[in-house]
Amino acid sequence: MLVTGLLIGAAAGATGAPAATTDADRIERGLKIAPVRLNLKGLSRDLVGLGSYIVNTQGGCNDCHTNPPFADGGNPFLGQPKRVKKSRYLAGGTPFGPGVVSANLTPDANGRPAGLTLGQFVDVIRTGRDPDDPSRLLQVMPWPVYQDMRYDDLKAVYTYLRAIPSIPPP
Ligand code: HEC
């Protein structure tokens with residue numbers, strides 16, 4: 001078994017190049033594609049970049065937490081070149097049925113995304129418990145998917161949310 005593993009490993013090493021993408025690639029791309037101006041003051045540039053990569057290429061947070069997700073003339077579903085609705089970026093307010101409205105994820109007056117500390121944020125994503133009422137589970141929000149993210153990736157998402165512009169409710 002061990003020998004087979006070594007042989008396969010050796011063969012892969014001989015033919016295959018190392019993994020094509022690294023965290024550094026994701027960080028740079030994340031910083032490049034962020035749809036809003038970021039405030040990196042006091043924040044780790046690497047965590048912000050990686051968080052942007054996760055939020056904007058994989059998490060799909062914009063689809064539900066920006067209302068509407070796209071600017072006039074910038075809706076890819078209408079064949080238009082993608083332009084996110086910057087003035088409402090991740091500020092929530094999308095209704096999904098009785099009692100279920102997406103939350104404002106932008107930093108509050110204390111710089112806390114959705115008003116949550118990092119610990120509270122991680123707890124919400126891991127458990128789906130509504131921070132305002134822990135006996136209630138968040139609906140629609142894909143926490144059953146995100147809950148398996150590495151802690152460092154959740155921290156990156158949180159740090160990115162700290163860097164985006166704060167937007168008050170409409
Ligand atoms: C399919 C739609 C959808 C997507 C995609 C989505 N969310 Fe949500 N999210 C919601 C809805 C709806 C709520 C409120 C649910 C409720 O109150 O039952 C919510 C609630 C939350 C909350 C709880 C905030 C609070 O204070 O109550 C956090 C944090 C959150 N979302 C973060 C995220 C992040 C980060 C992403 C992307 C990685 C994301 N969401 C993607 C729909 C979504």
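Q: Helices (H or I, at least four residues) and strands (E, at least two) here are DSSP runs, numbered from the N terminus. So what pattern does the protein follow along the sequence?
A: Reading along the sequence gives α-α-α-α-α-β-β-α-α. That comes to seven helices and two strands.

Q: What kind of model is this?
A: A predicted one: local features need pLDDT of at least 70, side-chain atom pairs count only at pLDDT 80 or more, and totals for chains, interfaces and linings use all residues. Residues are numbered from 1 along each chain as its sequence is written.

Q: How much of the protein counts as buried?
A: 26% of its 170 residues. Buried means 20 or more other C-beta atoms within 10 Å of a residue's own; exposed means 12 or fewer, partly exposed is in between, and the C-beta atoms are placed from the backbone.

Q: How many residues are in the largest nonpolar core, and which have the most contacts inside it?
A: There are 25, with Val157 and Tyr160 having the most contacts inside the core. A core here is a set of buried Ala, Val, Leu, Ile, Met, Phe, Trp, Tyr and Cys residues joined through C-beta atoms within 7 Å.

Q: Which elements give two or more residues to this core?
A: Helix H3 (45-59), helix H5 (118-127) and helix H7 (151-163). H7 gives the most, seven residues.

Q: And what does Val157 touch?
A: Leaving out residues up to four places away in sequence, Val157 touches Gly51, Ile54, Val55 and Gly59. A contact is two C-beta atoms, placed from the backbone, within 7 Å.

Q: Staying with H7, which of its residues are buried, and what covers them?
A: The buried ones are Leu154, Ala156, Val157, Tyr158, Thr159, Tyr160, Leu161, Arg162 and Ala163. Their cover includes H3 and H5.

Q: What span should H7 have, and how far apart are its ends?
A: Its 13 residues should span 18 Å, and the end C-alpha atoms are 19 Å apart, which agrees. The expected span is 1.5 Å times one less than the number of residues.

Q: New topic: what surrounds the ligand?
A: A shell of 24 residues, with Gly59, Cys61, Cys64, Ala103 and Met141 the closest. Being near takes a C-beta atom, placed from the backbone, within 6 Å of the molecule.

Q: Which helix supplies the largest share of that shell?
A: H4, with four residues. H3, helix H4 (61-65) and H5 each supply at least two.

Q: How does the shell split by class?
A: 17 nonpolar, five polar and two charged residues. Ala, Val, Leu, Ile, Met, Phe, Trp, Tyr, Cys and Pro count as nonpolar, Asp, Glu, Lys and Arg as charged, and the others, Gly among them, as polar.

Q: Where's the cis peptide bond?
A: It joins Asn67 and Pro68, with omega about -5°. Pro68 is in the loop between H4 and H5. Ala114 lies in the loop between H4 and H5 too, and has a positive phi of about 55° although it is not a glycine.

Q: What about Val140, buried or exposed?
A: Exposed, because 12 other C-beta atoms are within 10 Å. Val140 has a positive phi too, about 70°, and is found in the loop between strand E2 (133-137) and helix H6 (143-146).

Q: Last one: how do the strands run?
A: Strand E1 (residues 129-130) and E2 are antiparallel, joined by two bridges; pairing takes at least two bridges found by DSSP. They form a hairpin with two residues between them, and Asp130 stands opposite Asp133 in E2. Zero of the five residues of E2 are buried, so it lies largely in the open.
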